[in-house]
Amino acid sequence: MNKRFLSLLLIILLLCAAAPCTALADNTIIANLGKVPAGRYMDQLIGTTATGTASCVGGTLPAGCSVVTEMKSSGACHYLRGTPMSAGVYEFTLSVKDDSSAQLATLTCSLTVTPAEPSVIPSDNVSCFLGDAVTINVKATVPDSGSLSYRWFTCPYNSTTNGTFIEGATGSSLQVSTSAVGSNFYYCEVTNTNNGSATTVLSSTIQVSVSEPVLSSISVSSMPAAKEYKVGDRLNTAGLEILARYSNGTSVVLSSGFDVSPSTLNTAGTQNITVSYMGKTCTFPVLVEEAEQVVESILIVSEPTKLEYTVGEWLDTSGLKLRIQTNKGSFDVTTGFSCYPNILEKEGRQEITLNYGSKSTSFVVNVLPAEEKVESISVKTMPTKLSYSAGDKLDTSGMVLEVTMNTGKTEEVRAGFSCTPTILEKEGRQQITVSYMGKTCTFELAVSAAPEKTPAPEESAEPAEPTETPQVTPKPDIPREKHTGTLVVVIVIAAAVALAALGAYVFVMKHDSIQQFLDRFRKK
């Protein structure tokens with residue numbers, strides 16, 4: 001009994017010893033290795049067996065990674081080591097074999113490699129002035145093989161959650177608008193796309209503060225054209241330019257918008273003129289001489305002799321007399337003034353402005369319409385026939401003239417002009433002169449040599465020159481049906497009269513003589 005019990009116990013112990021080896025030989029472990037970012041070194045423990053070496057027998061390992069087995073006190077530790085560069089989901093199978101290549105275990109693994117998060121460094125905040133050129137940027141890098149894309153947003157306050165996308169802003173840098181005073185915040189969304197997967201991060205905000213530059217100083221850049229004056233003259237600033245310098249280092253040349261004083265020069269000698277602009281001042285000198293004579297007013301004593309014109313005539317001021325009132329008295333002049341306009345181009349009553357010194361007055365003239373005349377002519381369309389033989393007569397059929405009138409109007413003329421010469425007697429290029437309404441123009445024709453004539457036989461009489469057949473004015477067509485109907489009626493009437501006369505004659509001849517017939521006719 002004891003022997004049997006011991007034998008059974010020994011068999012059970014042997015089976016228990018053999019069971020682990022059988023289980024290890026058929027063991028399958030599914031290992032989900034989770035997620036790792038691309039571009040970062042990984043040292044991931046896949047699993048541990050009592051012994052053996054692991055190798056990949058199926059699926060795909062991430063590029064840049066390999067399976068490594070290390071023997072430790074706990075057994076054979078199998079690792080996935082390396083730096084994956086390409087994102088994606090990787091599934092692979094590891095086989096664990098001993099030194100005799102006996103299969104000990106099969107490990108099925110899954111690993112997700114995500115695109116690396118970009119490292120983003122924004123540029124510094126910016127303080128600038130209106131109109132400055134300002135560009136901000138971000139510097140983004142990734143450790144994997146992904147590609148970067150950018151999208152810029154703006155926000156009126158310091159936030160990266162409620163920004164507005166800037167249309168077209170898809171680069172690593174952005175030129176911002178500085179057309180308005182104030183502050184705006186900008187941030188960039190940077191996306192790393194790797195093997196179809198993407199990871200996005202936001203940069204911190206960049207503040208751009210725009211302020212209006214402050215005027216630092218002004219100076220005279222260009223002196224006025226007028227530098228000498230008489231006492232009592234008003235200052236003439238035509239040509240004066242000032243240079244305005246601002247706190248941002250910029251400068252602007254101004255020809256208006258500033259004030260000058262004094263505006264009237266009442267003191268003789270060198271006088272400083274003060275220029276003021278936005279709280280800044282500068283000066284320039286002018287020379288003021290004693291006043292000799294100042295025109296205070298002008299008056300027309302007698303108007304010009306000629307007050308009626310036609311359009312286009314020049315103004316004639318003969319007979320015009322002015323009375324000039326000055327600070328020293330008055331006098332009359334017939335010259336030394338100017339009038340505008342000098343050429344009278346408008347019809348109707350026209351006001352003529354008369355200037356003398358700084359004073360002006362006016363008088364009125366009457367302008368009548370100008371008589372329309374031919375100003376010039378030109379050949380618009382050449383004649384149909386352009387090639388001739390010497391001796392031919394000029395043919396102007398098809399020629400059209402363009403006639404320009406003194407009023408600027410143009411019209412086409414096809415008749416009424418004359419050309420010389422009319423007989424083309426010279427070979428080569430010949431100039432033809434066209435005359436119309438006292439104006440002329442020219443055109444050229446090609447004239448070839450006259451063809452040789454075949455001599456006529458001596459006995460033959462010289463043929464008479466053909467005479468032109470006079471043109472007969474065609475008679476109006478008479479409708480055939482109407483003419484034929486009238487002719488038929490006339491024939492019928494004539495036949496009836498003839499038959500009646502014949503009947504009467506037969507009757508008379510048959511019954512009586514002619515005399516008897518006449519006697520009877522008288523009695524009746």
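Here are some friendly notes on this structure, point by point.

1. **What kind of model this is.** This is a predicted model, in which local features need pLDDT of at least 70, side-chain atom pairs count only at pLDDT 80 or more, and totals for chains, interfaces and linings use all residues. Residues are numbered from 1 along each chain as its sequence is written, and side-chain values use heavy atoms, with hydrogens and water left out.

2. **Confidence.** The term pLDDT stands for the predictor's confidence in each residue, from 0 to 100. For this protein the mean pLDDT is 84, and 83% of the residues reach 70 or more. Over residues 1-26 the value is below 50, and that stretch has eight contacts in the model beyond near neighbours in sequence. (A contact means heavy atoms within 4.5 Å.) Residues 466-484 also have pLDDT below 50, with one contact beyond near neighbours in sequence.

3. Strands here are DSSP runs (E, at least two residues), numbered from the N terminus. Strand β9 spans residues 126-129: Val-126 and Cys-128 make up its covered face, while Ser-127 and Phe-129 are on the uncovered one. Two strands pair if DSSP finds at least two bridges between them. Four bridges join β9 to β16 (residues 206-211), and the two run parallel. Across this pairing, Ser-127 stands opposite Ser-209.

4. **A four-stranded sheet.** In general, strands of a sheet pair through backbone hydrogen bonds, either parallel or antiparallel. Which order do the strands take in the open sheet of four? The order is β25-β30-β29-β28, with mixed pairing. The edge strands, β25 (308-310) and β28 (338-340), each pair on one side only. Three bridges join β28 to β29 (residues 348-356), and these two run antiparallel. Cys-339 stands opposite Leu-354 in β29.

5. **Val-413: buried or exposed?** Buried means under 20% relative accessible area, exposed over 50%, and partly exposed in between (1.4 Å probe, protein chains only). With a relative accessible area of 7%, Val-413 is buried. This residue lies in strand β35 (residues 410-413). Leaving aside neighbours within four places in sequence, Val-413 is in contact with Met-399, Val-400, Leu-401, Val-403 and Tyr-436. Tyr-436 is 23 residues away along the chain, and its C-alpha atom is separated from that of Val-413 by 9.4 Å.

6. **Cysteines.** How many disulfides are there? A disulfide is a pair of cysteine sulfur atoms within 2.5 Å, and by this rule the count is zero. Cys-155 is buried, at 0% relative accessible area, and Cys-282 counts as buried at 11%.
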